[in-house]
Amino acid sequence: MSHHMEWFREAKFGMFIHWGLYSLLGRGEWVMHNEGIPAAEYETLMRKFKPRRGCIRDWARLARRAGMRYMVLTTKHHDGFCLFRTRHTDFHALNSAAGRDLVAEYVEAVRAEGLKVGLYFSLGDWNHPAYKAVANGDASQCGKLREFIHGQVRELMTQYGKIDLLWYDGAWFNGGTLSAESLGSAALNDMARQLQPGIIINERAGVPADYVTCENELKPAPFGQDWEMCTCINDMWGYARHDYNYKTVNQLLFLLSNCATNGGNLLLNIGPRANGTVPAPQVQRLEAVGRWLKKQGEAIYGVERLPRVYTSNGRVTRKGSRLYYHVYYWPDREWSIVMSDQAMPGNDGAEPRPLVRLGAPVKASILATGKKLATRWEGNRLILSGLPAVPPDKADTVVVVDL
C-alpha cells in the first residue's frame with residue numbers, strides 16, 4: 001500500500017472551490033464558452049474582480065467546520081484566468097483589480113486550518129492561442145502549448161511550498177492533435193512528483209496516476225483502487241445566481257457515506273461569489289454535515305471498504321474490530337442482520353471467511369447516543385433489540401457492532 005496515499009484514504013471528505021472571473025457574471029463557470037463571449041470582452045472583467053481580503057480564510061474555516069480534511073481550488077479554469085502569479089500570460093489575478101496572488105492566500109489559509117492543500121489546473125485554455133490552434137488541428141503549435149502548460153504547472157509546484165494534491169481537468173483529448181502524448185502528460189507528472197515528493201495526482205491528464213475521479217455520478221473504482229467523486233451542493237460549479245436546485249442535507253450525507261463505504265472520497269463543491277462570499281444555502285448545508293460528522297464521523301474517516309457494502313437498509317463498513325452500519329431506513333425496535341453476507345476473502349485464494357464467527361459474543365450500540373443494544377443469535381442472523389422507535393438521525397444513524 002502506497003504510504004503517500006494514507007492521508008487521502010483517511011480523509012474521505014474534501015472541499016472543491018470553483019471561483020474566477022466567471023463568478024462576476026453569476027451564470028456558471030462555462031459562461032465564456034456557452035455564450036460565445038470574445039476573449040477581449042471577457043478579459044475586461046479583470047477590472048471588476050476585487051474579492052474581499054480574508055474571504056479565502058473564511059472558506060478554510062467553513063471546510064474545517066464541515067469536517068472536511070482537504071481543499072481543491074481552481075487555480076485556472078478553462079477560461080484561462082489564473083489566480084496565481086505567472087510569467088506565461090498576462091491574464092492573471094495580479095493584473096486584475098485584486099492585484100494580488102490569490103493562490104498564495106489560499107495555500108496560507110488552508111494550512112492555517114490544518115487541511116491538505118489541493119490545486120486544480122485546467123489543461124484546456126480558451127484564452128491561449130496555442131491551445132485554440134491545437135484544438136482546431138494545428139499540430140505545429142503543440143510545442144508552444146506544451147511549454148505553456150508545463151511552465152504553469154512548474155510555477156504552481158514551486159511558488160507555494162508543500163502541495164498535497166494536483167487535480168487536472170479540461171484535457172478534452174480528441175484522438176489527434178490533443179492527446180496525452182502531445183501535451184507531454186507523463187513528463188508533466190514526473191516533473192510534479194520531482195518538485196513535490198509525495199504529491200497525489202488524479203488521472204485526468206490521460207496517463208496512469210494515483211487515483212481516479214467520477215463526476216456527479218457515483219462510480220466506485222474496482223476494489224483496491226483509490227477514487228473520488230466530485231459534485232456540487234446545487235447544480236452549477238461556478239457561482240450561478242439563479243441555481244436554486246440545492247441538494248438536501250440528507251442527500252449530502254447519503255453521498256458522503258456512500259462514497260466512504262465504497263472506498264472513495266467525496267469532493268463537494270462550493271461556488272463563491274466574485275467578492276468571495278459563499279451563498280448562505282451552501283454554508284448552512286456544510287455546517288449541518290459538520291454537525292453530523294462531530295457525532296458520527298468515526299464511521300466515515302479512515303474506514304475500510306468491504307466486499308459487500310450494501311445492506312437491506314443502508315451501507316456497512318469496518319475499522320479494526322468494529323462494523324459500522326449506516327442505516328438510512330430505520331428498522332423500528334428490532335433489527336435482523338444476516339452476518340454470513342459479510343465476508344472477507346481468505347489468503348491464497350481461499351474461500352471468503354465470515355467477519356465474525358457465527359454465534360460468537362458481540363456488542364452493539366448506537367454511535368450518536370452511545371445507547372447499548374441487546375444482541376442474540378438466531379442461526380446466521382444477529383438480532384439487535386432495544387432500538388428507539390425513531391432514529392436519532394433520520395438521514396443516517398450509525399449502528400456499531402463490535403466483533
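**Exercise 1. Determine in which helix Arg 57 lies and which residues it touches.**

Step 1. Arg 57 belongs to helix α5, residues 55–65. Helices are DSSP runs of H or I with at least four residues, strands are runs of E with at least two, and both are numbered from the N terminus.

Step 2. The model is predicted: local features need pLDDT of at least 70, side-chain atom pairs count only at pLDDT 80 or more, and totals for chains, interfaces and linings use all residues. Residues are numbered from 1 along each chain as its sequence is written, and side-chain values use heavy atoms, with hydrogens and water left out.

Step 3. Arg 57 counts as partly exposed because its relative accessibility is 25%. Buried means under 20% relative accessible area, exposed means over 50%, and partly exposed lies in between, with a 1.4 Å probe and protein chains only.

Step 4. When residues up to four places away in sequence are not counted, Arg 57 touches Glu 108, Ala 109, Ala 112 and Glu 113. A contact means heavy atoms within 4.5 Å. For Arg 57 and Ala 112, the separation is 55 residues in sequence and 8.4 Å in space, C-alpha to C-alpha.

**Exercise 2. Describe the antiparallel sheet and the surroundings of strand β11.**

Step 1. β10 and β11 run antiparallel and are joined by six bridges; the bridge partner of Thr 317 in β11 is Tyr 324. The hairpin of β10 and β11 has two residues between the strands, and Gly 320 takes a positive phi near 60 degrees there.

Step 2. β11 (residues 322–327) also pairs with β18 (residues 397–402), antiparallel and over six bridges. In β18, Leu 323 has Val 401 as its bridge partner, and Arg 322 has Asp 402.

Step 3. Five of the six residues of β11 are buried, so this strand is largely enclosed by the rest of the structure.

**Exercise 3. Explain why Thr 261 counts as buried, and list its contacts.**

Step 1. Thr 261 lies in helix α11. Helix α11 (residues 249–261) lies across β9, β10 (314–319) and β11, running at about 50 degrees to β10.

Step 2. Thr 261 counts as buried because its relative accessibility is 0%.

Step 3. Apart from neighbours within four places in sequence, Thr 261 is in contact with Arg 305, Leu 306, Val 309, Arg 315, Val 316, Thr 317 and His 326.

Step 4. A polar atom of the Thr 261 side chain lies 2.8 Å from the backbone oxygen of Ser 257.

**Exercise 4. Characterise the protein as a whole by its helices, strands and radius of gyration.**

Step 1. The protein has twelve helices and 18 strands.

Step 2. The radius of gyration is 23 Å, close to the 22 Å that the globule rule gives for 403 residues, so the protein is as compact as a globular protein of that length. This radius is taken over C-alpha atoms, and the globule rule is 2.2 Å times the number of residues to the power 0.38.

Step 3. The C-alpha trace spans about 70 × 50 × 35 Å along its principal axes.

Step 4. Of the 403 residues, 58% are buried.

Conventions:
Two strands pair if DSSP finds at least two bridges between them. Axes are lines fitted to C-alpha atoms, for helices over the stretch in contact, and angles run from 0 to 180 degrees between N-to-C directions. A polar contact is a pair of N or O atoms within 3.5 Å; within protein, one must be able to donate a hydrogen and the other to accept it, and residues adjacent in sequence count only if both atoms are side-chain atoms.
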